[in-house]
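The sequence and the structure are shown below.

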Amino acid sequence: MLAIELKAGMAIRTEGHACKVLEVEIKTRAGQIHNVVEIKLRDLDAGRLSELHVRPEERLEDMELDRQTMEFLYGDAESCTFMHPETFEQIAIPRSTIGPAERFLQEGMKLPVELFEGRAVSIVPPQTVDLLVTETSPAVHSQQDSTLKEATLENGVVVKVPLFVETGETVRVEVETGRYIERVRADRKRGA
């Protein structure tokens with residue numbers, strides 16, 4: 001596979017190490033004729049983060065990660081535990097491997113877990129989650145929807161929400177950024 005074809009979430013082998021691609025950015029450097037592909041990677045064995053800089057036409061060895069849907073059971077200080085729904089096998093994935101998405105995991109949530117050589121190495125988090133606002137200042141109904149205030153969600157995460165959001169309401173949040181998307185009305189709620 002050519003470096004220019006890489007996308008976040010893919011897996012490659014570089015210098016004998018299996019790595020997951022976290023970010024890919026194509027850059028033009030001043031004074032250079034060729035573009036450079038900057039790739040942020042996480043080593044699937046050691047968990048270390050690294051960067052790789054290659055030319056767009058350079059060939060890289062891509063790899064397949066197996067995916068199995070598993071249920072999130074619980075998290076502790078070091079890891080998050082998932083269970084296979086058919087075999088009931090439980091696996092623990094380090095919180096550091098999951099990254100910021102671990103803040104939004106909810107008990108009973110079913111997610112694809114990625115496996116490399118039979119070992120769980122990461123999860124595929126949902127794009128958004130719906131969470132209850134447990135604490136925020138009183139709602140202000142004004143014509144200025146662009147003004148934001150802080151709200152604490154049921155998982156303890158604090159996000160910025162519009163002034164009209166009240167305690168007890170459900171909001172949709174983008175998992176990757178932790179950014180408020182919209183208020184979820186009771187008649188429009190979607191299953192997670």
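The model is predicted.

## Overall make-up

The chain has one helix and 15 strands. Its C-alpha atoms fill a box of roughly 55 × 55 × 30 Å along the principal axes. Of the 192 residues in the chain, 39% are buried.

The accessible surface amounts to about 11,600 Å², and carbon and sulfur atoms contribute 47% of that area. Among the contacts in the chain with a separation of 6 or more, 42% are made by residues 24 or more positions apart.

## Charge and a negative patch

There are 24 positive and 34 negative side chains in the chain. The centres of these two sets are 4 Å apart.

On the surface, Glu5, Asp62, Glu64 and Asp66 come together in a patch of negative charge. One of these residues, Glu64, sits in the loop that joins strand 5 (61-63) to strand 6 (66-75). Glu64 counts as exposed because its relative accessibility is 69%, and the cut-off for that class is over 50%.

## Salt bridges

Side chains of opposite charge can pair when their charged atoms come close. Over the whole structure, a search finds 14 salt bridges. One network of salt bridges links Lys20, Arg67 and Glu114.

Glu23 is paired with Lys40 in a salt bridge whose closest N and O atoms are 3.9 Å apart. Glu23 belongs to strand 2 (residues 17-28) and Lys40 to strand 3 (residues 35-43), so this pair ties together parts that are 17 residues apart in sequence. Both partners are partly exposed: Glu23 has a relative accessibility of 43%, and Lys40 has a relative accessible area of 35%.

A salt bridge also joins Lys160 to Glu150, with 3.8 Å between the closest N and O atoms. This pair links distant parts of the chain, as Lys160 is in strand 13 (residues 158-162) and Glu150 is in strand 12 (residues 148-153), ten residues apart. Lys160 is partly exposed at a relative accessible area of 46%. In a further salt bridge, Glu174 meets Arg179, and the closest N and O atoms are 3.7 Å apart. Glu174 is partly exposed, its relative accessible area being 23%, and Arg179 is partly exposed at 46% relative accessibility.

## Contacts across the sequence

Which residues does Glu135 contact, leaving aside its neighbours within four places in sequence? They are Glu150, Ala151, Thr152 and Thr167. Glu150 is also the salt-bridge partner of Lys160. Glu135 itself lies in strand 11 (residues 128-136). The C-alpha atoms of Glu135 and Thr152 are 5.1 Å apart in space, although the two residues are 17 residues apart in sequence. Glu135 is classed as exposed because its relative accessible area is 53%, with over 50% as the cut-off.

Thr69 belongs to strand 6. Not counting residues up to four places away in sequence, Thr69 touches Pro85, Lys110, Leu111 and Pro112. Thr69 and Lys110 are separated by 41 residues in sequence, while their C-alpha atoms are 6.3 Å apart. With a relative accessible area of 47%, Thr69 is partly exposed.

## Positive phi in two loops

Where does Glu117 lie? It is in the loop between strand 9 (110-116) and strand 10 (119-123). Glu117 has a positive phi of about 50° although it is not a glycine. Is Glu117 buried or exposed? Its relative accessibility is 67%, so Glu117 counts as exposed.

Glu15 is likewise a residue other than glycine with a positive phi, here near 50°. Glu15 is located in the loop between strand 1 (11-14) and strand 2. At 74% relative accessibility, Glu15 counts as exposed.

Definitions and conventions: Residues are numbered from 1 along each chain as its sequence is written. This is a predicted model: local features need pLDDT of at least 70, side-chain atom pairs count only at pLDDT 80 or more; totals for chains, interfaces and linings use all residues. Side-chain values use heavy atoms; hydrogens and water are left out. Patches are made of residues with over 30% relative accessible area and no salt bridge: like charges are joined within 9 Å, nonpolar side chains (Val, Leu, Ile, Met, Phe, Trp, Tyr) within 5 Å. Accessible areas come from the Shrake-Rupley method with a 1.4 Å probe; for residues, only the protein chains shown count as cover. A salt bridge is a side-chain nitrogen of Lys or Arg within 4 Å of a carboxyl oxygen of Asp or Glu. Lys and Arg count as positive and Asp and Glu as negative; His and the chain ends are not counted. The place of a charge is taken as NZ of Lys, CZ of Arg, CG of Asp or CD of Glu. Helices (H or I, at least four residues) and strands (E, at least two) are DSSP runs, numbered from the N terminus. Buried means under 20% relative accessible area, exposed over 50%, partly exposed in between (1.4 Å probe, protein chains only). Contact means heavy atoms within 4.5 Å.
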